[in-house]
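Hi,

Here's the structure I said I'd pass along. Have a look at it first, and my notes follow below.

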Amino acid sequence: MASLRCFLRSGKKAVTAVLRREFHGTPPAAVQVTVRDALNQAMDEELERDERVFLLGEEVAQYDGAYKVSRGLWKKYGDKRIIDTPITEMGFAGIAVGAAMAGLRPICEFMTFNFSMQAIDQVINSAAKTYYMSAGLQSVPIVFRGPNGASAGVAAQHSQCFAAWYGHCPGLKVVSPWSAEDARGLLKSAIRDDNPVVFLENELMYGVPFEMSEEVQSKDFLIPIGKAKIERQGTHITLVSHSRMVSLCLDAAAVLAKEGIECEVINMRTIRPLDAEAIETSIMKTNHLVTVEGGWPQFGIGAEILARIMEGPAFNYLDSPAVRVTGVDIPMPYAKILEDNSVPQIKDIIFSIKKTLNV
Amino acid sequence: SRKMTVGARVVVSARTYADFTPQASFDIKKCDVHKLEEGPPLQAVLTREEGLQYYRTMQTIRRMELKADQLYKQKIIRGFCHLYDGQEACAVGIEAGINLSDHLITAYRAHGYTLTRGGTVREIMAELTGRRGGIAKGKGGSMHMYTKHFYGGNGIVGAQVPLGAGVALACKYLGKNELCVCLYGDGAANQGQIFETYNMASLWKLPCIFICENNKYGMGTSVERAAASTDYYKRGDFIPGLRVDGMDVLCVREATKLAAEHCRSGKGPILMELQTYRYHGHSMSDPGISYRTRDEIQEVRSKSDPISMLKDRMLSNNMASVEELKEIDVEVRKEIEDAAQFATTDPEPPLDDLCNHIFYNDPPMEVRGTNPWTKLKSIS
């Protein structure tokens, strides 16, 4: 399996390598692509592939996207397919769901998932539940996407992680990409999926470049929803994470490798349906588990993973209780020193690993 | 003349006696207008064929709802049940003004629309009783019924309005000259998301007919106690509006035709307020007399009943005979009885259907049961 090289990015400014899009001839060999560009290219290709796909949200068209994720798309596809909305989440999310019910394939962008709370009724009650309530008469092929979780200095109302909230609901698929390859393959899969998909991006990852192989660059490269990926093989302990925290896990693993501790790092990729099997298989090898997430601890992603491990075959393979590393159970503060100490740092992961391994 | 379907059948009167009037022109109430040059014409032409169809459909809705009332009191229907009797002219009049290829969405008082949009009494009643022969296989219930181009049946007040505008967006996007009728009540009319929708529908000129069914009460709250402005037809502000006598099926039809023409000509959305009345309380758990008097209900029944109004018009213009209409009543009653029989004897859904229909077009998957050892199967 090709391994991805990543730069140490926690605590340091990310180097942004913005690639110009000249891909429509023969793709070159492996290239460096940022998460932002991977998302942009995925949307571009899917817009081209299927006329029913369209994008709506605040600033997605003429502004090129609040975070420039949709840069160039309006220029290429025009008003019909890239639609700027007023600041009315409940309204435009509902409109997007209705359009999906009537045969289109909308991508509904929330500027951040914090604002999706205004529209959450449409996501859950109108989108997620409808196929079931109608006993298969009415499907809703929609993607809700946008940045999720903590950013930098945006304080409490703009920093919440919604993975657990959306992950709770049947009828939704919830996806949380980490790398550029994840972003590309999962967004394409999400757009092609005939069901409502919540696609949780991360603002701090947008500018991070990753190597992308030729295979990944191909127009039909898809990553299946519901399958985790082992980013780093290891034997002593299993680390399970999603989104930006995968970077921290890999960084922690690199540090610990020097001390002879080999961590297996699993990138969940999908929150719902959760790939419990991948985690169980890993635990049966390593006998130890630490989950790492940016969100709050109570009723969170780690809580669910630990509960499943308790209930499943891997429990008997644990040599010590599984633990969670999470965001601190507080609204996000503003001051940098406080903010830095509100989310897991590499040292917190290392500390938890060593406690679990009793070293 | 327009063909109406009741359920899946096309209903055409079998008898055309030589001495019946084939069609007549009726005065209809003038509509108040808002930002519109002209309202609908003050006269409507009704053919004998149309009259019989409207009569049959309204009577079917009426009898179906009354049967649902009975079944609910016998505890054969449970949960929520919001009945439509009194408002029949709205559903039937609207359908007469659009095509089945158009789209429609409403809130939870939806049984009448499920019928006019192509559902059968049988599958509607079996859905109310939660049986496998129900229109949603028993998994939706009263508030979640769907047919082609009919998007329910929606339980969250107001949420259906942005959805309807989304359907209209798809109509415009796909260029098929279809429109979406998007209904809500006087209670929902104060919802913020509706104003958000007015804004976007207007900005983007979506082919959407917003229709407020004003039956004077949002649950137990009269319109005067809920809305600072009860001129619901004006609440769209920049959207042209008209206020319509919702008890007169012809008035509703003519207004709908005007509204449909407006949308199809690319002018964007339009708003209709239908002034109507529900005989039942808000739902079966509301007797409906704590916030209004029995006298008021009786007055509407005797002076403005939509079915009586149509019947009187047809009889006094020799467009049908008393016997003929009675025969329709008998046929309708039989249809309802048969449907109720089916709805009470059809078995409940099989337990292995419990976890199906989570995702569309997906391979089978496992769903956790109530405990870790129970793994249930789910197929698309």
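**Where the chains meet**

In this predicted model, about 3,500 Å² is buried between chain B and chain A, with carbon and sulfur atoms giving 68% of that (buried area is the accessible area, taken with a 1.4 Å probe, that two parts lose on being put together, summed over both). On the chain B side, Tyr146(B), Tyr173(B) and Tyr360(B) lose the most area to chain A, together 21% of what that side buries. Counting residues, 36 from chain B are in contact with 44 from chain A (contact means heavy atoms within 4.5 Å).

Some housekeeping: residues are numbered from 1 along each chain as its sequence is written, and chains are lettered from A and ligands numbered from 1 in the order in which they are written. As the model is predicted, local features need pLDDT of at least 70 and side-chain atom pairs count only at pLDDT 80 or more, while totals for chains, interfaces and linings use all residues; side-chain values use heavy atoms, leaving out hydrogens and water.

The rule finds 2 salt bridges across this interface (a side-chain nitrogen of Lys or Arg within 4 Å of a carboxyl oxygen of Asp or Glu). Arg368(B) forms a salt bridge with Glu311(A), and their closest N and O atoms are 2.4 Å apart. Helices H5 (160–174) and H6 (192–203) of chain B each supply at least two residues of the side that touches chain A (helices are DSSP runs of H or I, at least four residues, numbered from the N terminus). H5(B) gives the largest share of that side, 9 residues.

**Inside the protein**

The largest nonpolar core has 78 residues, and Phe144(A), Leu289(A), Tyr184(B) and Phe210(B) have the most contacts inside it. (A nonpolar core is a set of buried Ala, Val, Leu, Ile, Met, Phe, Trp, Tyr and Cys residues joined through side-chain atoms within 4.5 Å; buried means under 20% relative accessible area, with a 1.4 Å probe and protein chains only.) H5(B) turns up again here, with the largest share of this core, 9 residues. Another core, of 71 residues, lies apart from it and includes Tyr54(B) and Phe150(B).

His82(B) counts as buried because its relative accessibility is 3%. Leaving out residues up to four places away in sequence, His82(B) touches several residues, including Glu65(B), Tyr108(B), Arg109(B) and His282(B).

Cheers

Terms used
Buried means under 20% relative accessible area, exposed over 50%, partly exposed in between (1.4 Å probe, protein chains only).
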